[in-house]
Amino acid sequence: MNKKLVNIFTNNTNISLDTKTELTKKLSERGYAVTSEFSKDAELIICIGGDGALLKAIHSCDFPQCPVIGINTGHLGFFQEVRPEDLDRFINDYENHQYSIQELNTVMATITTKDGHKYDHVGLNEIVIEGRPSYTIHLYISIDDMPIEKFSGDGILIATPAGSTAYNYSLGGSIVDPRIKLLQVTPIAPMNTTAYRSFTSSILLPAELSLGVVPEKQYENRIAIINDGIETIYTDVTDIKVKMSDTCVKLLRLKDYDFWNKVKTKFL
């Protein structure tokens, strides 16, 4: 009989490595095969660390189809579900199916360059569009091909509900319950003067609408696309389309999970 396979990823801090050793022992004793190498045959991925470790694991596994759960050895730990001292309770709840699966939508940006090539970037939290460091970027913004504004500022952030509590929140964006399907467009240091008129607050878009972004050709030849902290630099960008992706991340939530209780304990 084949053993049930579990992948464990960690951020390699001392507390994370100690937790991984303890968890591996407990799972092995219960008949699980545990590996640090991603396998599509795994029934569960466990990420030990903070939110950054979980995001890194999800990207390194190319947005896996199996459920993911986090053990918090970091700071905020908004995605993380389990404390290191609760490993036995977690394993018992998992084996007794005392959990739910929270499907989180992702956001995708498609970048088109002057030579006609297209590049896709997917984020669980957000996509950020910026120009050269310390320079104002000018972007023509449209919603479903309807021109909306010429944005001037440091850039824009397009957040999923899952990412609404991350960088988006630091920019003054709204916290969104992940059960609501939408994208939130939040300006980064927008300019709003007699010369430049930009939105200064977030825009909420229903899931079926897309955001179009065209850099002003006179000034912009360097565009940074940052998906969940992963930066890619492009030149000669002609068009950027941002929309909700078909890819979902399945977070395993234990039976006492409640989104708004987590908001209260982490932010208030």
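This briefing describes helices, nonpolar cores and aromatic pairs in one protein structure. The structure is a predicted model, in which local features need pLDDT of at least 70 and side-chain atom pairs count only at pLDDT 80 or more, while totals for chains, interfaces and linings use all residues. Residues are numbered from 1 along each chain as its sequence is written, and side-chain values use heavy atoms, with hydrogens and water left out.

- The buried residues of α1 are Ser16, Thr19, Leu23, Lys26 and Leu27 (buried means under 20% relative accessible area, exposed over 50% and partly exposed in between, with a 1.4 Å probe and protein chains only). These residues cover an arc of only 95° around the axis, which puts them on the same side of α1; the arc is that of the directions from the helix axis to the C-beta atoms.
- On the other side of α1, the exposed residues are Asn14, Asp18, Thr21, Lys25 and Glu29.
- The buried residues of α1 pack against β1 (4-10), β2 (32-35), β3 (44-49), β4 and α3, and just after the helix, glycine 31 takes a positive phi of about 95°.
- Helix α2 (residues 51-60) is mostly covered, since seven of its ten residues are buried, among them Asp51, Leu54 and His59. Just after α2, a positive phi of about 55° is found at aspartate 62.

**Nonpolar cores**

- The largest nonpolar core has 24 residues (such a core is a set of buried Ala, Val, Leu, Ile, Met, Phe, Trp, Tyr and Cys residues joined through side-chain atoms within 4.5 Å). The residues with the most contacts inside this core are Ile129, Ile156, Ile158, Leu211 and Ile240.
- Strands that each supply at least two residues of this core include β5 (99-113), β7 (126-130) and β16 (237-254).
- Leaving aside neighbours within four places in sequence, isoleucine 240 is in contact (heavy atoms within 4.5 Å) with residues including Ala109, Ile129, Leu211 and Ile225.
- A second, separate core of 19 residues includes Phe9, Ile45, Cys66 and Leu104.
- Leucine 251 lies in strand β16 and, at 1% relative accessibility, counts as buried. Not counting residues up to four places away in sequence, leucine 251 touches several residues, including Leu54, Val68 and Leu104.

**Aromatic rings**

- There are seven aromatic pairs, where rings of Phe, Tyr and Trp (its six-membered ring) pair if their centres lie within 6.5 Å, and planes under 30 degrees apart count as stacked, over 60 as edge-to-face and the rest as tilted.
- Phenylalanine 78 and phenylalanine 259 have ring centres 6.0 Å apart and planes at 80°, so the pair is edge-to-face. Phenylalanine 78 lies in the loop between β4 (68-72) and α3 (87-95) and phenylalanine 259 in helix α5 (residues 259-267), so the pair ties together parts that are 181 residues apart in sequence.
- Phenylalanine 78 and phenylalanine 259 are buried, and ring pairs link Phe78, Tyr169, Phe259, Trp260 and Phe267 into a cluster.

Definitions and conventions. Helix = DSSP H or I, 4+ residues; strand = E, 2+ residues; numbered from the N terminus.
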